[in-house]
Amino acid sequence: MKFLALQGTAMSKLTLSMIVKNESQRYLVHALSKHRDWIDEAVIIDDGSTDDTVAICQELLSGIPLHVIQNTESRFSNEVQLRKQQWEATIQSNPEWILNLDADEIMDDQFANQVRPLIDHCEQDAIYFRLYDMWNESSYREDAYWSAHHTYRPFLLRYKPNFAYLWRETPQHCGRFPATIQMFTYLCHAARVKHYGWAKPEDRKSKYERYMKLDPDAQYGWKEQYESILDVYPQLVKWEE
């Protein structure tokens, strides 16, 4: 499906792909409000929410083609299964470009004005951004264990129907996209992703407990990083737009 720009040139369809669970009191409203103006479609997997997360998605994305799949039971204990479900549901919508964001990830302000010319004229098949782990509303963490923002990672992907998509088959930390997209040509973009998943003490405690339950021997993650989640005095850097 193509949308026509005012200039008469073809515009690429941009599909937001997202997994949500019990997000009504977290960052979902902020995320969808920020992103809805420049996406063309959304595919959302609700992984067993018991609050009004789905209703929020339906309200905030009203007027945009929206596909919501509701799991009666959470699949997150086997993340690769959940990510595969997300991927399959997304490609069923016949996407052109897929923006894969979690419900607590928000593109920075500059991206709204950059995304359309970026995907309409991009010669590469993947676009990489830096992710910043926000430790409160205005600062991100930066130390030996928390330096994700030093590396560019794929968030935006051109869908290629005939490509062999294979996953990293691990129950945790499997990646948001199939592993074989690393073969795609890509560019690194200056826009940044603000990750609020660690921004509240209660969220850090919950995530720490979850990792201790699902990956107690750090078989799929980094033991020292897990242990650092509850640091009392982390090193923080103020976010600047």
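A residue counts as buried when its relative accessible area is under 20%, and as exposed when that area is over 50%. Both labels are used below for this predicted model.

**The whole protein**

The protein has 6 helices and 12 strands. Its radius of gyration is 18 Å, close to the 18 Å that the globule rule gives for 241 residues, so the protein is as compact as a globular protein of that length. The C-alpha trace spans about 55 × 40 × 35 Å along its principal axes. Buried residues make up 49% of the 241.

The exposed surface comes to about 12100 Å², and carbon and sulfur atoms supply 49% of it. The protein carries 27 positive and 36 negative charges, and their mean positions are 1 Å apart.

| Residue | Loop | Relative accessible area |
|---|---|---|
| Aspartate 102 | between β6 (97-100) and β7 (105-107) | 18% |
| Glutamine 92 | between α3 (79-91) and β6 | 66% |

Aspartate 102 is buried because its 18% falls under the 20% cut-off. Leaving aside neighbours within four places in sequence, aspartate 102 is in contact with Met18, Arg83 and Arg176.

Glutamine 92 is exposed because its 66% is over the 50% cut-off. Histidine 67 lies 25 residues from glutamine 92 along the chain, and the C-alpha atoms of the two are separated by 10.0 Å.

How values were computed
Residues numbered from 1 in each chain as written. Predicted model: local features only at pLDDT ≥ 70, side-chain atom pairs only at ≥ 80, totals over all residues. Heavy atoms only, no water. Helix = DSSP H or I, 4+ residues; strand = E, 2+ residues; numbered from the N terminus. Buried < 20%, exposed > 50% of the residue type's maximum accessible area, 1.4 Å probe, protein only. Contact = heavy atoms within 4.5 Å. Rg over C-alpha atoms; globule rule 2.2 N^0.38 Å. Areas by Shrake-Rupley, 256 points an atom, 1.4 Å probe, with all protein chains shown as cover. Lys, Arg positive; Asp, Glu negative; His and termini not counted. Charge placed at Lys NZ, Arg CZ, Asp CG, Glu CD.
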